[in-house]
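User: Let's go through this one in quick questions and answers, starting with the helix packing.

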Amino acid sequence: MNKTKINIMRVVVMMVGIIINVTLSFVAQKLELPLFLDTIGTIVVSAVTGCLWGLSTAVGTSVICSVFNPTSIYYMSVGVLVSLISVAALRRHKLYKKRYNIPFVILLALVGGALGTGINWVLTGGPNYADVADIARYIAGDSEGIYGIMCVVLSVTADIADKTICVVAAFLLYSAIPKKIREDLWNSNWHQKPVSAEGIDALDKSAKGTYTLGGRIFVLILATGILLITAQSLITLKLYEDTVHDDYSSTVKKASEFIAETVDADRVDEYMKSFMTASTCNLTNYRSSYESIQKAMKAINGIKYMYVYQIKKDGVYLVMDVDPEEKDTMIGTRLEFDKTFLPYKDDLLAGKEIPVMESDDKYGHLLTAYTPIKDSEGRCVAYAGADVEYSSMENYTKKYLTHTALIIVGFFLFIVATALWITKFFMVRPLKAIAIAVDDFAVEDVEQKTLDQKVKDFRDLRIKTDDEIEFLYDALCKMMISVAEQMRDLRHYTEATAQMQNGLIITMADMVESRDSDTGAHIQKTAAYVRIILDGLKRKGYYAEKLTPKYMSDAVISAPLHDVGKINVPDAVLNKPGKLNDEEYEIIKTHTTAGREIIERAIDTVHGENYLKEARNMAAYHHERWDGKGYPEGLHGEVIPLSARVMAVADVFDALTSKRVYKPAFSPEKAIEIIQEGSGSQFDPKCVEAFMDSMTDVMVILKKYNEI
């Protein structure tokens, strides 16, 4: 399925998911059902298309539902978390297996019930449903702590029904979508070859070190988002507080101006005189003004006090105190100047305008406005005062802050989850896949076939991010192909060189052996026995650190050169048919030191090839004995190089079973008996053990060359 078609199908699936959520939510609200039914589409879209589109479905649902249910926008974070949980549960596509249904429903219920209850509590001061509140109050009694806990428990319990219906409906819708379409939409999230759930686990566990790229990106996005939201919230809150403060200042000022216009300024002195003789004013004009101001006080939101004062040098005198509850008030009472008025005392005595004041005393936290009441002659006879309660502003600010925070948290979760999803599929997982493949490719000593397969596997990653990561991937592909080809050529050259070296070794050994009249096939047989003994030691786990594939190969290749020193031994001594005398025996013994010198000169020429080092050891020390009685240096035990100890067994066995000018060939049984008798004295016991355990292979070689 091409990319354009995939994108169209994604949008269609998302739109259908939003329509399902909005329609069912609208029906549930109209029928006053104790259900939300607004997450079915979110679960399905998350299951089919992945996190990005599931999140978009959740956000789109909250925004559209707010048209007929204004509180829906505040529950956006619930929808976002439902989407994230759905994707996490569906990563292995096991959500709809029976054993996963119940945990999934419970998890969604916990999120929907607990978080939904918390949000509703912030918005309304109680749980989602009135019945839940009544039952919780009945159980908790007067305990507010238990009441809160019971509200959460009951809300979660009630929400299980909603989420059960949603999960079952989502399962039916999910199953109705053809499997091929589901797989294509799900796999389209990958910008490389889709990886199985097990492969994802391997990728996630592949990171080395304390920190990971994904973790750093998450911290960066989270920190950036928190800083931006905090800065924006503080700025917005400050602007909102200033706006509310200005609005309330304007309101309280207008209230004081209304009082000033309502009170008959020319009769204020008359009111005060009448108050000298009665506790309550019965003047018709006064009562009319009082009632008008009382109505205005009830109509203006937030106004707590409205009154008229006369300001004199000895204090403040009450002219009118409007009580919305129509309680009698003592008029003419003298009050002391409050500390809030002291900075403006002179202006008040002079009848001037003063700014809106803020006070926090026994009357509460108030904004106060004074307006001069002037008579027909322009003389200030009193001040009209109005107070607005500051807690009203704080309540509005708190409400604004909580509502804004709920919306911001929803969008913030959406942005962070979306950013992490995109980062995961465009950066983190492609880079991890590349790193694992490159690390695996860098392993040394692999066969060409394995190397070619690794190149194929790397190319099969198919990284398609359309950015620098894809550029890096393409460059590494080219590099790996080039390295594999170079290794192929190098192996060809190495094999050719090795064949040439082996040919030279065999030729040199044949030249030496050809001087011996009856040592036929000695170098072939001893090399074969060396291989058999080394393989036996390897199987038994003896000398494991020493017996690497390279070492064993070098030893077998070197074996034909163990008698190269005989080239310096005179023919008369080398081919003497009888027993050697002492002088002749000393001459024959020099073939060990001569062989060492010949090979050391070769080592200097070829700069110390490993196989020549083992050839030197074999040539020099294959006549040393385990008990230290051998020659040329009298070495003993494991001081003797391992390759020489192996050759000692192979050389003696072949000598015993082969015909010589000075003796007939021993039977295999007799030769084996002699080898066993020499274990621990002449030979390394482990080498003898490995040799004896491989007797079947030994007899095959013996029959091949001796024709027995």
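User: Is the crossing of α6 and α7 left-handed or right-handed?

Analyst: Heads-up: this is a predicted model, where local features need pLDDT of at least 70, side-chain atom pairs count only at pLDDT 80 or more, and totals for chains, interfaces and linings use all residues. Residues are numbered from 1 along each chain as its sequence is written, and side-chain values use heavy atoms, with hydrogens and water left out. A crossing is left-handed if the near helix is turned anticlockwise from the far one by less than a right angle, and right-handed if clockwise. For α6 and α7, the crossing is right-handed.

User: How are α6 and α7 oriented to each other?

Analyst: Helix α6 (residues 130-140) and helix α7 (residues 144-176) pack with their axes 8 Å apart, at an angle of about 135 degrees. Axes here are lines fitted to C-alpha atoms, for helices over the stretch in contact, and angles run from 0 to 180 degrees between N-to-C directions. Under 35 degrees counts as roughly parallel, over 145 as roughly antiparallel, 65 to 115 as roughly perpendicular and the rest as oblique. So α6 and α7 are oblique.

User: How many nonpolar residues are in the contact of α6 with α7?

Analyst: From α6 come V132, A133, I135, A136, R137, I139 and A140, meeting E144, I146, Y147, M150, C151, L154 and S155 in α7; contact means heavy atoms within 4.5 Å. Ala, Val, Leu, Ile, Met, Phe, Trp, Tyr, Cys and Pro count as nonpolar, Asp, Glu, Lys and Arg as charged, and the others, Gly among them, as polar. That gives 1 polar and 2 charged residues, and the nonpolar count is 11.

User: What about α2 and α3: how do they run relative to each other?

Analyst: Their axes are 7 Å apart and the packing angle is about 165 degrees. That makes this pair roughly antiparallel.

User: Why is α2 described as largely enclosed by the rest of the structure?

Analyst: Buried means under 20% relative accessible area, exposed over 50%, partly exposed in between (1.4 Å probe, protein chains only). In α2 the buried set includes I40, I43, V44, A47 and V48. It is largely enclosed because, of its 10 residues, the number buried is 10.

User: Which helices do the buried residues of α1 pack against?

Analyst: Helix α1 (residues 3-30) has 28 residues and reaches 41 Å from its first C-alpha to its last, close to the 40 Å expected, where the expected span is 1.5 Å times one less than the number of residues. Among its buried residues are I6, M9, R10, V13 and M14. Their partners are α2 (40-49), α3 (51-65) and α8 (179-187).

User: Which residues does H403 touch?

Analyst: H403 lies in helix α14 (residues 390-441), and it counts as buried because its relative accessibility is 15%. Not counting residues up to four places away in sequence, H403 touches Y74 and L123.

User: Zooming out, how many helices and strands does the protein have?

Analyst: Of the 708 residues, 43% count as buried. Helices (H or I, at least four residues) and strands (E, at least two) are DSSP runs, numbered from the N terminus. The tally is 25 helices and 6 strands.
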